[in-house]
Amino acid sequence: METQVQTQKKETIMSTQRMTGAEAVIRSLLAEGVDLIYGYPGGAIMPVYDELYKFQDQLHHVLTRHEQGATHAAQGYARTSGKVGVAIATSGPGATNFVTGIADAQIDSTPMVCITGQVGSHLLGSDAFQETDIIGISTPITKWNHQVTKAEDIPAVLAKAFYIARSGRPGPVLIDITKDAQFGELDFDYKKCNGVRSYKAIPDTDPRSLEEAAKLINAAKQPMIVFGQGVILGEAEEELKNFIEKSGIPTTWTILGLSALPTAHPLNMGMVGMHGNYGPNKLTNECDLLIAIGMRFDDRVTGNLETYAKQAKVIHFEIDPAEVDKNVKADVAVMGNVKQTLAKILPMVESAKHDSWIQKFKDYDAIEYDKVIKDELYPSKEGLSMGEVMRGINEETNGDAVIVSDVGQHQMMACRYAEFTKTKSNITSGGLGTMGFALPAAIGSKMGAPDREVVAIIGDGGYQMTIQELGTIFQTKAAVKIVVLNNEFLGMVRQWQQLFFDKRYASTEMTNPDFITIAQGYHIPATRVTKREELQGAIKEMIASDGPYFLEVCVEKENNVFPMIPTGASVSDIRLS
Amino acid sequence: MEKENYTISVYTENNIGLLNRISAIFLRRHINLDSFTASVSEIKDVYRFTIVVNITEEQVKKIIGQIEKQIEVIRAFYHKDDETIYQETALFKVASNLLFENRQIQNVIKDSNANIVTVTPEFFVLEKTGRRNEVESLYDKLEPFGLMQFVRSGRIAVTKEKMNISTVLEDFSEEAVG
């Protein structure tokens, strides 16, 4: 207690003190409640790192092995913790290595503040060593970006950065700070930002839109809900549950919405989209009312727009006005944060049950189970399936784990078969489809939710894109459980080659290294499973281990993910084989 | 849907980077800008971009959504030609000897309502403000005599309806405080 009082005193004195821009960066982060950042040092950011050294008891820095890893780790952290992720790097290549993570955060609405060092302002535009125009490069992939060339601007710009990153529809913000601004001096006075004149974070909700939406909901005979990540970002899980339970409407989700509703919920009908469930896709084209909640009608969700839900009225609950009517025309758009709008509409909807309509979902599910799911979860063939690995993980974690997936077949299997009881538990690269996302994102996910089990599900291709982050795991002892589903192929591309390119497997077969030896090189306990009888025991051992663990499962080489909506086809043309 | 001319008016905070953000929105969708003009507006510290594009109304609505999404954009509007008062300005640099030796060119200038901005022994400069077709018609008439230089500005336009930007700004500020 005494120490706490002393620190506070020190804080107030320091807050009016003259200091360098670099120290102001750290103090601004502390003022925003940041205690963990991911990054990689270099020439143009050295003054900030020097301050990090002094503040290491208050601000923990995780050294990733590549700047891309820092961005994905910050994303994982943001998505399990609900806080803003922070990544920091130097100018030039440090900054350009951020690009993939920033683009990923932009398309998946992840709150993230990226700080990059920049050459001295007198050198800007001179093609100086490690100078790159990261503001120009990052403009189309950031919610906002800004270059700081004066020390005194640092606190206000960072305050604005955090406000913009986390408010409204969240997104990544990049702040580029020249070296002279880091060395320069200022009188530090931090004021949190709570508004930007030209920016309306949350649009007003028109009460008439709620009335019209309620009217459509109450009149609908075959309504269906598709929710997305807006529910998680708006922390509207409870409001969604109340809404669906009262209205009795069968509910489906996008991969970024996954885990906002417990898997076992009786109104959970499954996933929409390219590899989603049979019923949700088929019945999209049979429902009379489609209620979209915090989702943006991505093409992987809708298939061919010309034949998407044409028979249905559409209600779109949305925070971003630019998403309304972008891909699918809404009959009623309910603007605002879904946490508020769903709560407001609740008393306006009548209690209902849609048993015979829900039965249609169940009938389709029975077909899908028979033709696809049964063989995936309980294969009769000798080779291991990705689905049975997911089933094994479900059994050992009781659906309580955070599942971080990479991109490809294993990702679709993880999203289809992982069971969830808690929200913020499915961390994956949805919009950008970034291979290499999972390993660093799992590190951040674990640090954002240290009390939870974090299991990364990764393909052998994506794993090798950011495999160097094993070094980060080794150094930080982050207790991440890594499962590589190894089919010695870039499986999803191979599947498309098989189905649409006449089995011409161009550059999709992989000769892989000994992953066990690599993990052991980082002193991470490692096991390889090739036989079914070894699988459950290995998963059990992995989950039981206290620290990080690597499990390689050699799965059937040429399995396919079904159901599948071929590109350009209608959702109702979904194929089971 | 038919393509039409739309004048997009974007009110923004004064920010250099915004130009890049806004032009990228068009570039990414392969929409050619017919013209792009940046200037101050009727409100202190608020800038105004006037952009002319030939696209469908559905396209322009989506573009407005994307533009307004940018943090430093206060509001964006689109208008059809008949909803705005719009002008362009062109400068013609012509050899001075033509003015004294050719009676025909004197008639062209007289009929065109163009202003003579400057005259030197070597050249004179004509300024013509009007709609695109008026400028083009003068161009067609002068071109046979030989143009030393020609330049035309982007469209500037004011709308017949009120823009109410001040009200929008007040609304924003109240929210920021509250």
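**Close-up views of a predicted two-chain model**

**View 1. Strands S2 and S3 of chain A.** Strand S2 (residues 36–39) of chain A is joined to S3(A) by four bridges, and the two strands run parallel. The structure is a predicted model. Within S3(A), A:Leu63 is the residue opposite A:Gly39. Strands of a sheet pair through backbone hydrogen bonds, either parallel or antiparallel.

**View 2. The open sheet of chain A.** Six strands of chain A form an open sheet with parallel pairing. Their order is S3-S2-S4-S5-S7-S6. Strand S3 (60–63) and strand S6 (144–148) of chain A are the edge strands. Each of these pairs on one side only. From one strand to the next, the twist averages 20°.

**View 3. Helix H8 on the sheet of chain A.** Helix H8 (residues 154–166) of chain A packs on the sheet. H8 of chain A touches strand S5 (112–118), S6 and strand S7 (172–178) of chain A. The direction of H8 makes about 165° with that of S7(A).

**View 4. Helix H2 of chain A.** Helix H2 (residues 21–31) of chain A is largely enclosed by the rest of the structure, because nine of its eleven residues are buried. The buried set in H2(A) runs through A:Gly21, A:Ala22, A:Glu23, A:Ala24, A:Val25, A:Ile26, A:Arg27, A:Ser28 and A:Leu29. After H2(A) comes A:Gly33, with a positive phi near 80°.

**View 5. Strand S5 of chain B and its partners S7 and S9.** Strand S5 (residues 84–95) of chain B pairs with strand S9 (residues 156–159) of chain B in the antiparallel sense, over four bridges. Here B:Thr84 stands opposite B:Thr159 in S9(B). S5(B) also pairs with strand S7 (residues 123–130) of chain B, again in the antiparallel sense. That pairing has eight bridges. B:Thr89 has B:Thr129 in S7(B) as its bridge partner.

**View 6. Strands S5 and S8 of chain B.** S5(B) and strand S8 (residues 149–152) of chain B run antiparallel and are joined by four bridges. One bridge partner pair is B:Leu91 with B:Val151 in S8(B). In a regular strand the side chains alternate between the two faces of the sheet.

**View 7. The contact between chains A and B.** Chain A gives 18 residues to the contact and chain B gives 20 residues. The side of chain A that touches chain B has eight nonpolar residues, five polar and five charged.

Conventions: Residues are numbered from 1 along each chain as its sequence is written. Chains are lettered from A and ligands numbered from 1 in the order in which they are written. This is a predicted model: local features need pLDDT of at least 70, side-chain atom pairs count only at pLDDT 80 or more; totals for chains, interfaces and linings use all residues. Two residues are in contact if their C-beta atoms, placed from the backbone, lie within 7 Å. Ala, Val, Leu, Ile, Met, Phe, Trp, Tyr, Cys and Pro count as nonpolar, Asp, Glu, Lys and Arg as charged, and the others, Gly among them, as polar. A residue is buried if 20 or more other C-beta atoms lie within 10 Å of its own, exposed if 12 or fewer, and partly exposed in between; C-beta atoms are placed from the backbone. Two strands pair if DSSP finds at least two bridges between them. Axes are lines fitted to C-alpha atoms, for helices over the stretch in contact, and angles run from 0 to 180 degrees between N-to-C directions.
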